[in-house]
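Trainee: I would like to learn how to read the place where two chains meet. Could you take me through it?

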Amino acid sequence: MDIIVCLFLFAGLFFFTGGAVGILRFPDFYSRLHPAGKLDTLGLLLSLIGLALFNLHHFSLGALLTSAKIILIVVFVFLASPTATHAIVDAGVRAGLAPWTKGEERR
Amino acid sequence: MNKQEQEKKSFFFYPFLATFIIMFGVWVLLSGKFDLFHISLGLISCAIVSYLSADLLFPSPKIGGLLGQWARFVRYIPWLMIEIMKANLHVTYLVFHPRMMELIDPRIVKFQSKLTSDLALVTFANSITLTPGTITVDVSLDGDFKVHAIDKASGDPLPGEMEARISKAFGED
Amino acid sequence: MDTIFMYCSLYVAFLMLLSLYRGLVGPTVLDRMICVNAIGSKTTVVLVLIGLLYHRVDMFVDIALAYAMLNFVAVLAASRYFQKRKGLHDEV
C-alpha cells in the first residue's frame, strides 16, 4: 500500500519538476504557459490521488469524507486550470504580444 | 392556457431536481455532519439556490437525452486521460532535452470545427488546453479555433480524433 | 512515512523557489502571473502534506480547497485587469 502511495507521489513530484524547469527554460510567454498550466495540473492530480489513498489507510467514515474532499479539489482544479490558462492567453493576445518563432532571440 | 402552464411547469421541474441533487451532494460532502439541524439547513439552502440557478446549469428543458449524454460523456473521460498522459510525457521530454531551443517550433494553427452547441465547443476548447503542446487562443461562436502549438508534432493532429469523439459524446453526428 | 512527506514538502518548496525566479525577472506582467498560478497549485499540495504531517488533514483539506478557489479567482481577475493595457512589452 505504502509503495503505491509513494509511486503516485513521486510521479506527481516529477511532473512538478518538469513544470518548474519548463517555466525557467522556455523562450517566451506563450510557450511558458504550456508547462505552467498543464504539467502542474497533472502533477497535482497524481500527488493528490496518492495522498487520498494514504488517507484511507485507517478506514472510517471521516477518512472517507476527507478523501472525497481531496478528490473534489482535483475535479475543481481540472475544471479551473484550463480556464485560467485561457484567461492569461487572452490577456496576452489583446495586449498585442507576438508569439516567438524559431530563430529569434529568447525573451 | 392550461396546457401551456403545464409545459412551463415541466420545463422547470427536472432541471430543478437535478441541480438540487448535485447541490445536496456537495453540501453533505463539505459539511460531514449528519444530525437533523445540519441536514435541514442544507435542504433549505439547496432549495433556494437551485430555485434561483436551475436554468444556468441545465439550459435545455429536455431531460430525456440528458442521462444518455452523461453516460457517453463519462465514457469519453478515460480516453482523454490516456491522451493527457501521453502528451504530458512528450512535453516533459521537451523540457528536459538539452537542445530544447532547436526542437520547439511554436506556431498558431487555425481550423474550422463542425461542432455547433456551446457545451461541445467549450469541452473541445478545454480538452485542447488540457492536452499539452496545444493551447486554445481564441474560439468564436461559429467554431473558428486558433490554437497555439509548441511544435509540429503536437499541432498537426488537430482537429482529428478528439473532435470526432466529442461530437459522438454530445450526439452531434 | 512522515519522513517521506517531510522531504516531499521541502522539495516542493524548493520548486516554488525556482518558479519564483521567473516571477522576479520575468519580462512582462503576464510572466509574473504564470508564476502566481504555478506557485498556487504547488501550495495546494503542500497544504495537504502539512495536514498529513500534523494528523489534522480533515481541517487542512478545507484550507486547501479554499486556497485553490482563491488562486483561480485571483488569476482570472488579474488577467481581466491587465488585458486592458496596451504595450505590455515595454514594462520591465
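Trainee: How many residue pairs are in polar contact across the interface of chain C and chain A?

Mentor: Good place to begin! Keep in mind that this model is predicted. The rule finds seven such residue pairs between chain C and chain A, counting pairs with both residues at pLDDT 80 or more.

Trainee: Which elements of chain C give two or more residues to the side that touches chain A?

Mentor: They are α1 (2-25), α2 (29-53) and α3 (57-82) of chain C. The largest share, 13 residues, comes from α2(C). By residue type, that side of chain C has 28 nonpolar, eight polar and seven charged residues.

Trainee: And how many salt bridges cross the interface of chain C and chain A?

Mentor: Here we look for a Lys or Arg nitrogen within 4 Å of an Asp or Glu carboxyl oxygen. The rule finds three between these chains. One of them joins C:Lys42 to A:Asp40, with the closest N and O atoms 3.2 Å apart.

Trainee: What about the area buried between chain C and chain A?

Mentor: About 3,900 Å² is buried there, and carbon and sulfur atoms give 79% of that area. On the chain C side, C:Arg22, C:Ile34 and C:Gln83 supply 15% of what chain C buries against chain A, more than any other three residues.

Definitions and conventions: Residues are numbered from 1 along each chain as its sequence is written. Chains are lettered from A and ligands numbered from 1 in the order in which they are written. This is a predicted model: local features need pLDDT of at least 70, side-chain atom pairs count only at pLDDT 80 or more; totals for chains, interfaces and linings use all residues. Side-chain values use heavy atoms; hydrogens and water are left out. Buried area is the accessible area (1.4 Å probe) that two parts lose on being put together, summed over both. A salt bridge is a side-chain nitrogen of Lys or Arg within 4 Å of a carboxyl oxygen of Asp or Glu. A polar contact is a pair of N or O atoms within 3.5 Å; within protein, one must be able to donate a hydrogen and the other to accept it, and residues adjacent in sequence count only if both atoms are side-chain atoms. Helices (H or I, at least four residues) and strands (E, at least two) are DSSP runs, numbered from the N terminus. Ala, Val, Leu, Ile, Met, Phe, Trp, Tyr, Cys and Pro count as nonpolar, Asp, Glu, Lys and Arg as charged, and the others, Gly among them, as polar.
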